[in-house]
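Here are some exercises to work through with the sequence and the 3D view open beside you. Try each task yourself before you read its solution.

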Protein chains: 2
Amino acid sequence: MNTFETISGRFSYRGAYQNAPVPREHLKMILQAGLDAPSGCNKQTTSLIAVDDPAILSQLSSIINATTAKTCTAMICVLTQRIIAYEDRTFNIQDYSAAIENMLLAIHDLGYASCWYEGRATGPDKIGYRMQQVLGVPEDYELVCFLPIGIPAGPVKRVDKKAFEDRAWFNGFGKTE
Amino acid sequence: MNTFETISGRFSYRGAYQNAPVPREHLKMILQAGLDAPSGCNKQTTSLIAVDDPAILSQLSSIINATTAKTCTAMICVLTQRIIAYEDRTFNIQDYSAAIENMLLAIHDLGYASCWYEGRATGPDKIGYRMQQVLGVPEDYELVCFLPIGIPAGPVKRVDKKAFEDRAWFNGFGKTE
């Protein structure tokens with residue numbers, strides 16, 4: 001798929017998945033897309049774990065309790081480290097967000113659908129922390145997001161957004177020319 | 001270009017640009033790619049200003065003082081609003097980071113080069129705030145990043161990164177199979 005088609009055609013999916021495996025070759029392409037994202041001062045603060053073992057997926061989905069997690073045949077867990085880029089500044093949120101967006105594009109390009117689950121992972125239920133324990137992730141990493149992957153069993157709906165001219169301008173705030 | 005070529009071929013560029021304009025059609029494609037990024041709870045916290053007026057570019061570059069800014073023929077300024085997604089949570093950093101990554105991919109796909117300038121914009125010199133005043137941006141928005149755009153006059157260098165197996169694993173932390 002070409003870049004612009006992929007970017008404009010990607011939407012979040014929160015429904016059930018078909019029971020079809022995601023080949024390792026595809027998972028590697030998705031992970032590589034994540035690693036290819038830029039990072040502040042090239043600190044590479046993002047690490048990734050792809051899960052395709054049904055037993056581990058089952059353990060994770062019992063923690064998460066979402067239709068996508070219960071039916072997906074693969075999932076990517078996003079880990080971050082709060083590494084200082086310079087002085088007192090860290091860009092780890094920016095780093096993992098760019099990596100996630102690259103992976104969402106890769107997932108869509110390969111014919112799968114996903115959703116950026118971050119609020120749930122890092123909310124008061126500490127779901128990300130509990131997932132982290134299943135996966136043996138050390139304490140200096142934080143599991144901040146998971147991306148279920150699979151072929152959607154239902155329709156992927158477009159989300160409504162504001163008009164272009166309400167969010168994008170030329171040469172000054174609110175200027176449409 | 002196909003999605004994976006674009007993702008793997010994009011690198012930051014900090015050198016001089018050729019004196020060649022960036023057509024409005026291309027700027028609109030780049031802006032649209034930014035708006036197409038997902039946002040937490042679809043709050044659409046990111047807004048964008050493309051600058052291609054030489055007089056305004058000159059005002060901005062006098063604040064920024066970087067080779068890219070002094071020689072680029074277009075620039076995108078990224079604005080964010082700290083809108084609550086739910087309870088006390090905001091995802092505006094994630095939102096604008098995903099939008100920036102989409103725009104960097106679009107920029108590369110169209111044959112230009114750029115760099116994610118955020119630390120400079122939001123550092124102690126308040127460069128983003130001063131740029132914001134030139135562009136008439138209200139106080140409830142924050143200019144957090146600018147992306148110079150142009151055809152590079154010099155080589156775009158690949159950055160060295162850690163090996164795949166040092167950052168991406170399968171079914172558990174550090175597991176390479």
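Predicted model: local features only at pLDDT ≥ 70, side-chain atom pairs only at ≥ 80, totals over all residues.

**Exercise 1: Two copies**

Task: Work out how chain B is superposed on chain A, and through what surface the copies meet.

Solution. 
- Step 1: In general, two copies of a chain are related by a rotation about an axis and a shift along it.
- Step 2: Here the rotation is 180° and the shift along the axis is 0.0 Å, with an RMSD of 0.0 Å. The two copies are therefore related as by a two-fold rotation axis.
- Step 3: Of the interface residues of chain B, 100% are also interface residues in chain A, so the copies meet through the same surface.

**Exercise 2: The sheet**

Task: Give the order of the four strands in the open sheet, and say which are the edge strands.

Solution. 
- Step 1: Strands of a sheet pair through backbone hydrogen bonds, either parallel or antiparallel.
- Step 2: The order is S3(A)-S2(A)-S1(A)-S4(B), and the pairing is mixed.
- Step 3: Strand S3 (142-149) of chain A and strand S4 (168-170) of chain B are the edge strands, each pairing on one side only. From one strand to the next, the twist averages 20°.
- Step 4: Look at one pair in detail. Strand S2 of chain A (residues 74-80) and S3(A) are antiparallel, with seven bridges. Ala74(A) has Ile149(A) in S3(A) as its bridge partner.

**Exercise 3: Helices across the sheet**

Task: Find which strands helix H2 of chain A lies across, and check the span of H2(A).

Solution. 
- Step 1: Helix H2 (residues 24-35) of chain A lies across S1, S2 and S3 of chain A and S4 of chain B, at about 155° to S4(B). Helix H5 (residues 92-109) of chain A also lies across S1, S2 and S3 of chain A, but runs at about 10° to S3(A).
- Step 2: Among the buried residues of H2(A) are Leu27(A), Ile30(A) and Leu31(A). The buried residues of H2(A) pack against S1, S2, S3 and H5 of chain A, as well as helix H1 (3-9) and S4 of chain B.

**Exercise 4: A positive phi**

Task: What is phi of Glu87(A), and where does Glu87(A) lie?

Solution. 
- Step 1: Most residues other than glycine have a negative phi.
- Step 2: Phi of Glu87(A) is near 45°, a positive value in a residue other than glycine.
- Step 3: Glu87(A) sits in the loop between S2 and H5 of chain A. With a relative accessible area of 66%, Glu87(A) is exposed.

Methods
Residues numbered from 1 in each chain as written. Chains lettered and ligands numbered in written order. Heavy atoms only, no water. Least-squares fit on C-alpha atoms with pLDDT ≥ 70 in both. Contact = heavy atoms within 4.5 Å. Pairing = 2+ DSSP bridges. Helix = DSSP H or I, 4+ residues; strand = E, 2+ residues; numbered from the N terminus. Axes fitted to C-alpha atoms, helices over the stretch in contact; angles between N-to-C directions. Expected span 1.5 Å × (residues − 1). Buried < 20%, exposed > 50% of the residue type's maximum accessible area, 1.4 Å probe, protein only.
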